[in-house]
Amino acid sequence: MDGFSGILLRITTIAKNTLIESLRQRVLLVLLLFGVGLTVASFYFTQFTFEDEFRFLKDIGSASISITGLLVAMIGAAQLIPAEIERRTIYTVLSKPVGRFEFLLGKYLGLFSLLTIMLVLMSMMFACVLLVKETVEVREVMVQASSGVPSEQQLEMINDIKAQSRDEGVFQALILIWMRLALVAGIAVTLSTMATSTVFIVFTTLVIYFIGHLQATAREVWLEQGTGGVFETSLLAVVSLLIPDFQSYSIIDEILAGNSVSWNYVFEIAGYSVCYAAIILAIGGLIFKEREL
Amino acid sequence: MKPVGLVILVLLIWGGVKLPWERRIGDERSDIVYGSEIPMSFELRETLGQELSFAALGGFRALAANYLWIKVTQAWEDQVWTRVRARADMAVTLQPRTLFFWENGAWHMAWNASVSVVKYAEEDKSEERKQFESRKWIDAGIDMLERGIRANPEKYGLYLRMAELYWQRLEDYEMSAKYYRMALERPGAPTYTDRFIGYALEKAGKYEESLAHWESLAAAPNFEERMQSHQQKVGENIEKLKQIIANGGPLEVDDSQKPTNAPAS
């Protein structure tokens, strides 16, 4: 089959196979269970706070999703191409009329689907945790209501509880977490086109992730405070050119703290993440095309 | 063109797009957080220790701040107030836009610590010394709320807490009224704020101002909606204040007028 539909079919077939293979991997399933467990365990931590329990739940729940997602993205991506080379299955696939870029994109989309499924499952668990908490809190308020009819103040409290548990900011935060995972997966997949060691890919992705977070601090110290010399400024320029500014996603914490952030801003960061992932994969495709297998 | 050259070209073109885009996203973020976002400074990293720095650097500031808050709670249970203050300070540095840390950090200092240093002081400590230490903790609470207000000027919550602090801890009702007013100017302030301005002014001895406040409330077009079940109380207060002014002196202070929304000690 030729043309665009042929390319699309080949990419989706590879993506489907990658997803099925990933779902069979016990490590990733264990990580998912760990994440779900951590989200549910956030209930335990609320006993350390007598106020603002929903914010505590949201912080821990979103962090559980992020940490699990990052581990799945890095470990999953690191195994994509090196494992195919090790098992020699890559030669069978590439001997067919499948372009290397199609192969890479299919692999990435398979991993991205896995991350999406994982995020949806964990978000559902997260929503359940918030709803259970809401039910418990509302029941506590109702118990205090004489003759079962809540007073004006108690109604205000119930509305406040519902507003906290059904906060649209949680959706914004989940979208941004999803986009951050898509970008990290893109970086790890690109690194897997040039490396053979899983450990190397995971480690390097982690280093890039931390440098991406540190960029803003380095900029502040070296450029804005003027303490950086020529070397520091050049280093920062190279880093800024190569590595995404992960500090952009720190707005997740602001959203979960109850600060209002517009959907336009969320979509702008989402757009940035999609463009960055596309560019980084294009670079990965160019590298993979030249790689000797 | 060779692939290496092509990769470099793609990177350069993307860099030209990416950098201004990131700067714009960063600027918008600064607007959202009112410029209160504090980058992960080297000084803070030294204070936080390795594990928490790792979490905070990895984009998990909220998680690190919550962990610190658990430590604050432990220090509170142990009544080690200097540790409560140090950890609460770290939590607010990590999450300056979360009111919870400011409010409760200030509450620990201005209420819990300041009472504790008097109530559980060593027997040989003089009353003067106890009061001095107590006042120091109240000032620490005020300082925390002032910093919190600077980081969150558009939210009513910390103004309200400051009003309660001046009322309950320092009995400075004039300052309390001032902060209730400031809270009321912010969106979402609870309906009782309006009434507490009147009560605070009365307790401060500013009867004419208090009367003017209650009368302005009664004359407001949305009086019924704002006062709800307290409409009768407004009329009673107006009458009472008119009497006080006519008598040229204060009447007995009604204890039931104290704010009831303050955190329990």
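Read along the sequence, the pattern of chain B is α-α-α-α-α-α-α-α-α-α-α-α-α. This chain holds 13 helices and zero strands. The model is predicted. Of the 265 residues in chain B, 39% are buried. Among contacts in chain B between residues at least 6 apart in sequence, 54% join residues at least 24 apart.

Chain A also lacks strands, with 11 helices and zero strands. From the N terminus on, its elements run α-α-α-α-α-α-α-α-α-α-α. The C-alpha atoms of chain A fill a box of roughly 75 × 50 × 35 Å along the principal axes. Buried residues account for 42% of the 293 residues in chain A. Of the contacts in chain A with a separation of 6 or more, 82% involve residues 24 or more positions apart.

The two chains meet. In this interface, 43 residues of chain A are in contact with 35 residues of chain B. On the chain A side, two or more residues each come from helix 3 (53-87), helix 8 (198-224), helix 9 (230-242), helix 10 (251-256) and helix 11 (263-290). Helix 11 of chain A gives the largest share, 11 residues. The side of chain A that touches chain B divides into 24 nonpolar, seven polar and 12 charged residues.

Two packed helices are described by the angle between their axes and the distance between the axes. In chain A, helix 5 (residues 100-144) and helix 6 (residues 152-165) pack at an angle of about 175°, with their axes 10 Å apart. The angle is over 145 degrees, so helix 5 of chain A is roughly antiparallel to helix 6 of chain A. Helix 5 of chain A contributes A:Leu130, A:Leu131, A:Lys133, A:Glu134, A:Glu137, A:Val138, A:Val141 and A:Gln144 to the contact. From helix 6 of chain A come A:Gln154, A:Met157, A:Ile158, A:Ile161, A:Lys162 and A:Ser165. By class, the residues of this contact are seven nonpolar, three polar and four charged.

In chain B, helix 4 (residues 61-77) packs against helix 5 (residues 81-94) at an angle of about 165°, with the axes 9 Å apart. Helix 4 of chain B and helix 5 of chain B are therefore roughly antiparallel to each other. Their crossing is left-handed. On helix 4 of chain B, the contact involves B:Arg61, B:Ala64, B:Ala65, B:Leu68, B:Trp69, B:Lys71, B:Val72, B:Ala75 and B:Trp76. These meet B:Arg83, B:Val84, B:Arg87, B:Ala88, B:Met90, B:Ala91 and B:Leu94 of helix 5 of chain B. The contact residues divide into 12 nonpolar, no polar and four charged.

B:Lys71 lies in helix 4 of chain B. It counts as partly exposed, because it has 19 C-beta neighbours inside 10 Å, while a buried residue needs 20 or more. B:Lys71 and B:Ala88 are 17 residues apart in sequence. Their C-alpha atoms are 8.9 Å apart in space.

In soluble globular proteins, nonpolar side chains tend to be buried together. The largest nonpolar core here has 125 residues. Those with the most contacts inside it are A:Ala73, A:Ala77, A:Leu115, A:Val184, A:Ala185, A:Ala188 and B:Ala91. Leaving aside neighbours within four places in sequence, A:Leu115 is in contact with A:Gly69, A:Val72, A:Ala73, A:Leu181 and A:Ala185. Another core, of five residues, lies apart from the largest one. Among its members are B:Leu211, B:Trp214, B:Leu217 and B:Leu241.

Note on methods:
Residues are numbered from 1 along each chain as its sequence is written. Chains are lettered from A and ligands numbered from 1 in the order in which they are written. This is a predicted model: local features need pLDDT of at least 70, side-chain atom pairs count only at pLDDT 80 or more; totals for chains, interfaces and linings use all residues. Two residues are in contact if their C-beta atoms, placed from the backbone, lie within 7 Å. Helices (H or I, at least four residues) and strands (E, at least two) are DSSP runs, numbered from the N terminus. Ala, Val, Leu, Ile, Met, Phe, Trp, Tyr, Cys and Pro count as nonpolar, Asp, Glu, Lys and Arg as charged, and the others, Gly among them, as polar. Axes are lines fitted to C-alpha atoms, for helices over the stretch in contact, and angles run from 0 to 180 degrees between N-to-C directions. Angles under 35 degrees count as roughly parallel, over 145 as roughly antiparallel, 65 to 115 as roughly perpendicular and the rest as oblique. A residue is buried if 20 or more other C-beta atoms lie within 10 Å of its own, exposed if 12 or fewer, and partly exposed in between; C-beta atoms are placed from the backbone. A nonpolar core is a set of buried Ala, Val, Leu, Ile, Met, Phe, Trp, Tyr and Cys residues joined through C-beta atoms within 7 Å. A crossing is left-handed if the near helix is turned anticlockwise from the far one by less than a right angle, and right-handed if clockwise.
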